[in-house]
Amino acid sequence: MSNKPLNYMLSDDKDLLSRISEGNKTAFSVLLNRYQAQVYTNALKIIKSHELAEEIVFTVFLKIWQHEHLNQIDSFGAYLRVTTRNQTLKVWRSLQIEERRNLYLQVHHKLEDRNTEDSILFNETSRLLDEAVRKLSPQQEAVYQLCHVEGKKYEEAAAHLSLSKLTVKTHMQLALRFIRKYMKAHTEIALALLYSHFIFF
């Protein structure tokens, strides 16, 4: 290992690389001081982040320190430009992948929230409907069950309940009118509660 004094101004790149390959930390410090601003500036042009540009400077010079064939580099300037560009693009690609991943997660979470909200709304609507049907008169509930749920015609329901077709029709109209009013009044309350749930929790 060479222990000759190192002159910052007179040592050329090849001499520095030769000394660095021998483990000379002073030569490495000289090279670092000489080129770190250049690496930082070139990285910043692409990455647009001071913090990431500094990390790239560290990584580039770490690669130089760990390089096993520094003596074989003919043009250090060209080597430094290529290494800086490659490392910067590597970081940039990682950022793009991370950004796409975050976007996917945001969309996925929004869909999950939407599915949860839809599920709550469906369950709440079903509950209110069952509640409204239970509040019908016995005859109206029976007619609603036969005609609306089971799909029977008025004539079939009338025969089943021993009522006239007109009576069945009247019960059905009254049942639907009550259910619509009940659902409208209570759904507004349910929606308000649901909205407050998603805002505060």
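Let's start at His 171, which sits in helix α7 (residues 165-200); helices here are DSSP runs of H or I with at least four residues, strands are E runs of at least two, and both are numbered from the N terminus. With a relative accessible area of 18%, His 171 is buried, where buried means under 20%, exposed over 50% and partly exposed in between, using a 1.4 Å probe and protein chains only. Setting aside neighbours within four places in sequence, His 171 is in contact with Gln 139, Gln 140, Val 143 and Leu 163, contact meaning heavy atoms within 4.5 Å.

A word on what you're looking at. This is a predicted model, in which local features need pLDDT of at least 70 and side-chain atom pairs count only at pLDDT 80 or more, while totals for chains, interfaces and linings use all residues. Residues are numbered from 1 along each chain as its sequence is written, and side-chain values use heavy atoms, with hydrogens and water left out.

Stepping back, the chain has seven helices and zero strands. Of its 201 residues, 27% count as buried. Take the contacts between residues at least 6 apart in sequence, and 56% of them join residues at least 24 apart.

Val 143, one of the contacts of His 171, also turns up in the packing of α5 on α6. The axes of α5 (residues 138-149) and α6 (residues 154-161) come within 9 Å and cross at roughly 135 degrees; axes are lines fitted to C-alpha atoms, for helices over the stretch in contact, and angles run from 0 to 180 degrees between N-to-C directions. That makes α5 oblique to α6, since under 35 degrees counts as roughly parallel, over 145 as roughly antiparallel, 65 to 115 as roughly perpendicular and the rest as oblique. On the α5 side, the contact is made by Ala 142, Val 143, Leu 146 and Cys 147, and on the α6 side by Tyr 154, Ala 157, His 160 and Leu 161. By class, that is seven nonpolar, one polar and no charged residues (Ala, Val, Leu, Ile, Met, Phe, Trp, Tyr, Cys and Pro count as nonpolar, Asp, Glu, Lys and Arg as charged, and the others, Gly among them, as polar).

Now for α2 and α3. These two pack at an angle of about 140 degrees with their axes 8 Å apart, and are therefore oblique to each other. The residues of their contact divide into 17 nonpolar, two polar and two charged. Among them are Phe 28 of α2, and Phe 61 and Trp 65 of α3.

Those three residues form one aromatic cluster. Rings of Phe, Tyr and Trp (its six-membered ring) pair if their centres lie within 6.5 Å, with planes under 30 degrees apart counting as stacked, over 60 as edge-to-face and the rest as tilted. The whole structure holds four aromatic pairs. One of them joins Phe 28 and Phe 61 edge-to-face, at 6.4 Å centre to centre and 80 degrees between the planes. Phe 28 lies in α2 (residues 25-47) and Phe 61 in α3 (residues 50-66), so this pair ties together parts that are 33 residues apart in sequence. Phe 28 also pairs edge-to-face with Trp 65, at 5.1 Å and 65 degrees. Phe 28 counts as buried at 16% relative accessibility, while Trp 65, at 32%, counts as partly exposed.
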